[in-house]
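Notebook open, structure loaded. I'm jotting down what I look up as I go.

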Amino acid sequence: MDLDAIQQIFFQECEEGLAAMEGNFAQLRDGDRDSETINGVFRCVHSIKGGAGAFGHERLQAYTHQYETLLDLIRNGTLELTPALLDVVVGAFDVLADHVAAARDGDTPPADAAMLERLMAAAGGDTAPAAAKAAAPAAAPVVAISDDFDDLMSMLGDVAQSEDGADAANGWRLRFAPGAKAFEHGAEPLLLLRELTMLGGKVTTCDRAELPTLEAIEPECGYLAWDVSLPASVAEDDIRAVFEFGDPSVITLTRGDAEPAMAEDSVDALFDLLDSVAAPAAIVEEPTPPPPAPAPAPAPAPVAVAEPVEEKAAPRSAAPSPAAAPAAQTIRVDLDKLDRLVNLVGELVITQAMLAQRLAENQMGGISELSDLEHLTRELQESTMAIRAQPMKTVFSRVPRIIRELEGETGKRVRLDIEGEMTEVDKTVVERIGEPLTHLIRNAVDHGLEMPDVRVANGKSAEGVVRLSAAHQSGRIVITVADDGQGINRARVKAKAIEKGIILPDAVLSEEEIDNLIFAPGFSTAAAITNVSGRGVGMDVVRKNIQALGGRIGIQSREGFGSSFSLSLPLTLAVLDGMIVTVGDQTFVIPLSHIVESLRPDEVALSRLGPDGTLLDVRGAYVPVLRIADYLGIDGAERNATDAVLIVVEGDHGQAALLVDTIQDQRQVVVKSLEANYQAIDGVAGATILGDGRVALIADVDALTSRGGRFVSRSALAA
Amino acid sequence: MTIALPAVLDTPAAAALRQTLRDAMAAGGPVTLDASAVERIGQACLQVLAAAEAAAEDAELDFRIVGASPVFADMATLAALDTLIAA
């Protein structure tokens with residue numbers, strides 16, 4: 001694995017860490033001030049800092065250092081986490097996310113000066129007076145009274161340096177010998193040395209014993225080794241963490257055991273001073289350009305900062321979930337390998353189906369091994385799919401930041417409710433749902449929610465609510481974005497649609513149809529185009545993206561009470577249970593999730609409507625009969641409904657009865673994308689390979705019923 | 001002979017640096033390296049410079065690094081190779 005790949009892992013872990021932090025903030029905001037929660041935030045920042053140092057992202061490292069300093073003061077109780085302080089911490093988190101993104105993409109780091117100042121003010125401003133007060137009694141002979149923390153620190157440095165022997169003798173001794181392979185995979189040992197100095201280390205000697213002559217030197221071989229001394233106050237884990245991403249055998253870490261005999265009194269005075277100040281270790285390791293004073297701080301050593309490196313099979317997880325003590329063991333797998341596995345399992349399912357068919361042809365379809373095989377295949381397939389499943393949390397965790405930014409941009413106040421974030425869904429869906437979801441959330445805040453004064457005037461709370469939820473519903477995942485804002489102003493939507501030429505002025509539309517107009521390309525109702533949303537390029541793209549995932553989008557809106565957008569997506573894009581039917585000379589698969597019932601109708605159940613419309617009476621409800629053959633241009637299909645089979649399906653636009661010749665079978669099929677292999681066809685959701693090796697098309701029930709829906713409303717108008 | 005060191009002295013640059021220094025040594029005169037343009041330097045080039053410094057000492061040649069840029073000075077100090085910039 002080369003350095004780039006390791007760095008890649010680092011950034012993945014950063015992502016996970018940031019997501020975990022966002023979760024922690026939600027808990028903190030809910031009033032959960034559990035020390036483990038703030039510890040979780042601290043650990044994430046600490047891990048990012050460690051990696052940033054190892055990979056030479058100095059700005060990120062410097063920023064995280066300051067952030068960590070403040071967090072440390074909070075977690076050790078020096079600072080109380082007031083709502084104002086929480087705002088600073090969360091604000092700093094957003095800048096941290098930008099920093100990570102910039103480091104990952106090689107962009108210019110974000111302007112963080114203002115935030116650094118806020119962090120420093122929050123960390124120093126609040127502690128300094130307390131420090132001075134507490135310091136006064138203990139500071140008698142050695143240290144003058146000071147109300148400036150920086151001065152105090154520099155004095156500490158002076159004193160500690162004058163007692164150099166004591167701490168150095170008692171501190172860490174590190175031998176760092178990167179060896180001949182020092183530069184393998186683009187590694188740079190000096191960056192690790194730099195990190196050690198950030199911890200307060202001092203490079204005492206450079207061992208050139210192995211360095212050959214200029215004639216003999218191999219430019220790409222490492223020859224140098226270093227001895228580094230570190231203050232005793234630095235935690236062993238912190239030192240080992242510096243070498244976390246490399247070969248652990250390059251270091252030898254020993255602890256000096258000499259007694260700190262010299263000038264014990266003055267050192268003791270310092271200890272007292274530090275005790276009273278309760279200065280956290282993080283401040284002591286402040287990276288001043290010259291190696292900082294190795295102050296023997298007795299302050300609380302960083303608790304649970306890093307797990308012992310040796311114990312981990314995988315690189316350290318940057319995202320220890322809050323209070324989740326026994327972390328599940330995980331490994332990282334290249335996605336290509338996983339996809340290959342998924343594909344192979346798909347082929348296995350097809351082969352199993354073929355085998356079943358062949359055996360059935362030879363009157364051996366009933367053998368028990370075959371049903372065992374089918375059972376195992378299905379289980380294997382489900383397990384494989386489960387590997388690809390990821391919790392929606394990875395997407396939802398980015399939402400709080402979006403909301404915060406929107407609040408800033410619009411001046412509205414928003415409360416975000418999230419439900420079902422642990423709902424798992426296929427990785428592809430997780431990856432591609434982010435953009436449409438972001439757009440819906442922006443719309444909800446920008447168009448949906450009213451300004452606080454308007455809300456209050458309407459008898460609502462000043463704070464608007466955006467509710468984001470995910471849940472499994474009958475084999476699909478339904479993601480809902482709802483707001484309690486003003487709802488869709490249908491009169492305005494319709495007027496706009498007429499103005500834009502999307503509908504005719506005399507069109508008679510149901511409320512649902514008006515709502516759906518906002519998905520029309522080029523539609524925008526925002527009175528003024530804002531930065532946030534409303535360029536009129538949004539909702540049609542949202543719908544297209546959702547449809548590309550095999551999903552549907554629905555709207556429910558009540559004027560004055562808010563709107564709700566629900567996205568219904570398949571759990572996996574790879575398999576579906578379907579009914580195999582024949583239409584003319586073609587075989588089709590109708591997804592079982594859409595099928596309500598199938599029947600062979602009597603003449604009395606059928607009513608003619610218009611020149612070529614037929615309605616089926618299903619226990620008193622009339623549903624349109626749709627001839628798949630007509631829609632998809634198939635010859636030789638049965639036209640007479642009484643001689644055919646009607647399959648009643650439920651789609652986005654209500655029920656319809658699909659007219660097919662015969663039903664062959666019902667089984668699980670592996671979906672092969674038409675888009676990827678050919679092109680998208682309206683009315684066809686994909687293709688599959690049947691047991692006999694033939695290709696069958698999978699009917700897109702929603703597309704078919706939407707035609708039926710239009711047909712009915714047209715007919716209803718005519719009637 | 002004054003040689004201007006390039007801005008980037010990372011690991012891949014070490015081979016060329018070694019060759020330059022060997023040529024300079026072979027010429028026999030005092031060697032002065034101008035490090036004012038150095039923006040990045042890693043262990044690989046620092047150890048080549050240290051080897052050259054030792055070689056110059058053996059050959060009793062004058063070897064100097066002048067005008068060290070902040071980065072150069074910083075990294076040499078970090079690696080405890082301050083002798084390179086001491087002269």
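**Entry: a glycine after a helix.** I began at the end of H1(B), where B:Gly28 follows with a positive phi, near 90°. Helices here are DSSP runs of H or I with at least four residues, strands are runs of E with at least two, and both are numbered from the N terminus.

**Entry: ground rules.** I'm working on a predicted model, where local features need pLDDT of at least 70, side-chain atom pairs count only at pLDDT 80 or more, and totals for chains, interfaces and linings use all residues. Residues count from 1 along each chain as its sequence is written, chains are lettered from A and ligands numbered from 1 in the order written, and side-chain values use heavy atoms, with hydrogens and water left out.

**Entry: H1(B).** I checked the length: residues 14-27 of chain B make 14 residues, and the helix reaches 20 Å from its first C-alpha to its last, close to the 20 Å expected at 1.5 Å a residue. The expected span is 1.5 Å times one less than the number of residues.

Which residues of H1(B) are buried? I get B:Ala14, B:Leu17, B:Arg18, B:Leu21, B:Ala24 and B:Met25. Seen down the axis of H1(B), these buried residues fall within an arc of 130°, so they line one face of the helix. The arc is taken over the directions from the helix axis to the C-beta atoms. Buried means under 20% relative accessible area, exposed over 50%, and partly exposed in between (1.4 Å probe, protein chains only). An α-helix has 3.6 residues a turn, so residues three or four places apart point the same way.

On the face turned away from the buried side of H1(B), I noted the exposed residues B:Ala26 and B:Ala27. The buried residues pack against several elements of chain B, including strand S3 (31-34) and helix H2 (43-58). Contact means heavy atoms within 4.5 Å.

**Entry: chain B overall.** I count 4 helices and 5 strands in chain B, running β-β-α-β-β-α-β-α-α from the N terminus on. Of its 87 residues, 48% count as buried. Among contacts in chain B with a separation of 6 or more, 78% come from residues 24 or more positions apart.

**Entry: H2(A).** The 20 residues of this helix (35-54) should span 28 Å at 1.5 Å a residue, and the end C-alpha atoms are 28 Å apart, which agrees. I also see that 17 of the 20 residues of H2(A) are buried, so the helix is largely enclosed by the rest of the structure.

Entry: How much area do chain B and chain A bury between them? About 2,100 Å², 62% of it on carbon and sulfur atoms. That is accessible area (1.4 Å probe) lost on putting the two parts together, summed over both. B:Gln43, B:Gln47 and B:Leu78 supply 34% of what chain B buries against chain A, more than any other three residues. The contact takes 27 residues from chain B and 26 residues from chain A.

I count 3 salt bridges between the chains, each a side-chain nitrogen of Lys or Arg within 4 Å of a carboxyl oxygen of Asp or Glu. B:Glu53 and A:Arg208 meet in a salt bridge at 3.2 Å, N to O. H1, H2 and helix H3 (70-78) of chain B each supply at least two residues of the side that touches chain A, and H2(B) gives the most, with 10 residues.

**Entry: charged pairs inside chain A.** The structure holds 32 salt bridges over all chains. I looked at A:Glu450, which pairs with A:Arg455 at 3.0 Å, N to O, and with A:Lys460 at 2.8 Å. A:Lys460 lies in the loop between helix H17 (452-457) and strand S8 (464-473), and A:Glu450 in the loop between helix H16 (427-448) and H17, so the pair ties together parts 10 residues apart in sequence. Buried or exposed, A:Glu450? Buried, with a relative accessible area of 6%; A:Lys460 is buried too, at 19%.

At 71% relative accessibility, A:Arg619 counts as exposed.
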